[in-house]
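Subject: Structure handover

Hello,

Here is the structure I promised to pass on. Please open it and keep it beside you while you read.

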Amino acid sequence: MANVVVVGAQWGDEGKGKIVDWLSERADVIARFQGGHNAGHTLVIDQQVYKLHALPSGVVRGGKLSVIGNGVVLDPWHLINEIETLRGQGVEISPQTLMIAENTPLILPFHGELDRARESQNSVAKIGTTGRGIGPCYEDKVGRRVIRVADLADDATLELRLDRALIHHDALRRGLGLQPIDRDDVLAKLREVAPQILEYAAPVWKVLNEKRKAGKRILFEGAQGALLDIDFGTYPFVTSSNVIAGQAATGVGMGPSAIDFVLGIVKAYTTRVGEGPFPTELDDADGQRLGERGHEFGTTTGRKRRCGWFDACLVRQTCATSGVSGISLTKLDVLDGFETLRICVGYELDGQQLNYLPTAADQQARCKPVYEEIEGWSESTEGARSWADLPAQAIKYVRRIEELIECPVALVSTSPEREDTILVTDPFAD
């Protein structure tokens, strides 16, 4: 049976939550493979709105196994609050429906404090962090001083891991003018939350490999977008983990052969939150119109998203680095009513034409978009569920995007509602 990876192919906020939820109907397991609760997914199901941050989007569907993989960094207190919120909305969550990898790193209170202190004192160039402690936790992971889920089960190990982390963090805090960490307070909080987290702990790598051998369908869910990837994103204005599809295997403990189809989620226009280059950004009435019609505010932070025209160059790049098999084009309905649409087909850099965004930050900042104009449509596409429901000009726009990004469209989303989706190619087809 086919296993599918879902990745954002822009700067995040592409509508992955809805698409994962839509696909999860045919999946047996939904596995989150990277990121933290700095990402937010909004699901609208039968007019009920669910806002997820740490939990996989498939958790709102009954009869599925949801998994938080080792590639995720997990704030245990946030997770417990998120679980309780969803239970209050009628979602059943138990160790039979949710598993957390035993080797998942934990975000502790001092990670968030460090994150926020650095950003507030950074007078050179702010990164645009959410201040949730994701970056510092990943730093501790590669620095071999992080506390992992399994460590909560043994008090001696827990104290040893915490002491190792505090040696590093207290030195950093002195340099930032922060008070030393209260060791006893952190330890008490960890001991208190431990039973609530450990009941979901499992050898996820083993469970998933057994599921695969049994012919179960696995849906791998990422957070953020490929342009925020620590290696291939617009560095340094990126997240602290690998976002591209190759991380799906590492982030849950499966080999790359477990991936059969990579679905890239792409908005019909472009947005980003926070700092960093954005060649097609619009600071005019069109940009404001996109933001208002698309309700472009971050699920996690509430920050207003920057909006611009579709950038085919960037999406072509992310399709290449993630090995995208097909894209899901979301929010097509936001473009309804525009007389003329523009698509970025290349860049001009110091008089030269480029068909990709260069790596160097100074060159990225100087890149000017080269546009192709295409006629818009006046009819509504909202709620369309088949090609026959779409205006001819909207179909032309979708087909032109396919040509420019050199990747086929597998799905088209025309509203936040789960069923307002046009299926072109089934990612789960064997």
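Below is what was found in it, one region at a time. Keep in mind that this is a predicted model.

**The sheet**

Start with the open sheet, which has 10 strands. Their order is E7-E6-E5-E2-E8-E1-E9-E13-E17-E18, and the pairing is mixed. Two strands sit at the edges: E7 (201-202) and E18 (421-423). Each of these pairs on one side only. As background, strands of a sheet pair through backbone hydrogen bonds, either parallel or antiparallel.

Strand E2 (residues 29-32) runs parallel to E5, and four bridges join the two. Find Arg-32 and look across: Ile-68 in E5 stands opposite. Next, E5 pairs with strand E6 (residues 98-101), again in the parallel sense, over three bridges. Here Ser-66 has Leu-98 of E6 as its bridge partner. To get from E5 to E6, the chain passes through helix H2 (residues 76-88). This β-α-β crossover is right-handed. Last, E6 and E7 run parallel and are joined by two bridges. Ile-100 has Ala-201 in E7 as its bridge partner.

Which way do the side chains of E5 (residues 65-68) point? Leu-65 and Val-67 point one way, while Ser-66 and Ile-68 point the other way. All four are buried.

**The cores**

In soluble globular proteins, nonpolar side chains tend to be buried together. In this model, the largest nonpolar core has 56 residues. Phe-220, Phe-310, Ile-327, Leu-332, Leu-335, Tyr-397 and Ile-405 have the most contacts inside it. Helix H12 (residues 392-405) gives the largest share of this core, six residues.

**Helix H12**

Does the length of H12 agree or disagree with what its residue count predicts? H12 has 14 residues, and at 1.5 Å a residue they should span 20 Å. The end C-alpha atoms are 20 Å apart, so the two agree.

Several residues of H12 are buried: Gln-393, Ala-394, Tyr-397, Val-398, Ile-401, Glu-402, Leu-404 and Ile-405. An α-helix has 3.6 residues a turn, so residues three or four places apart point the same way. What covers the buried residues of H12 includes helix H10 (312-321) and strands E12 (310-311), E13 (326-330), E14 (340-349), E16 (368-375) and E17 (409-413). After the helix comes Glu-406, with a positive phi near 60°.

**Val-315**

Stay with H10, where Val-315 is found. Is Val-315 buried or exposed? Its relative accessible area is 1%. Buried means under 20%, so Val-315 is buried. Beyond its neighbours within four places in sequence, Val-315 is in contact with Ala-9, Gln-10, Val-266, Phe-310 and Ile-405. Val-315 and Asp-336 are 21 residues apart along the chain, and their C-alpha atoms are separated by 22 Å.

**Helix H4 and Arg-145**

Move to helix H4 (134-142). The buried residues of H4 are Ile-134, Gly-135, Pro-136, Cys-137, Tyr-138 and Asp-140. They pack against helix H3 (109-121) and H5. Just after H4, Arg-144 takes a positive phi of about 60°.

Arg-145 is in the loop between H4 and helix H5 (155-176). Arg-145 has a relative accessible area of 15%, so it counts as buried. A polar contact of 2.6 Å joins its side chain to that of Asp-140. Leaving aside neighbours within four places in sequence, Arg-145 is in contact with Glu-139, Asp-140, Arg-161, Arg-164, Ala-165 and His-168.

**Ala-361**

One last stop is Ala-361, in helix H11 (residues 361-366). Ala-361 has 43% relative accessibility, so it counts as partly exposed. Ala-361 and Leu-332 are 29 residues apart in sequence. From C-alpha to C-alpha, they are 31 Å apart in space.

Best wishes

Note on methods:
Residues numbered from 1 in each chain as written. Predicted model: local features only at pLDDT ≥ 70, side-chain atom pairs only at ≥ 80, totals over all residues. Heavy atoms only, no water. Buried < 20%, exposed > 50% of the residue type's maximum accessible area, 1.4 Å probe, protein only. Pairing = 2+ DSSP bridges. Right-handed = clockwise from strand over helix to strand, strands pointing away. Core = buried A, V, L, I, M, F, W, Y, C linked by side-chain atoms within 4.5 Å. Polar contact = N/O pair within 3.5 Å; in protein donor to acceptor, adjacent residues only side chain to side chain. Contact = heavy atoms within 4.5 Å. Expected span 1.5 Å × (residues − 1).
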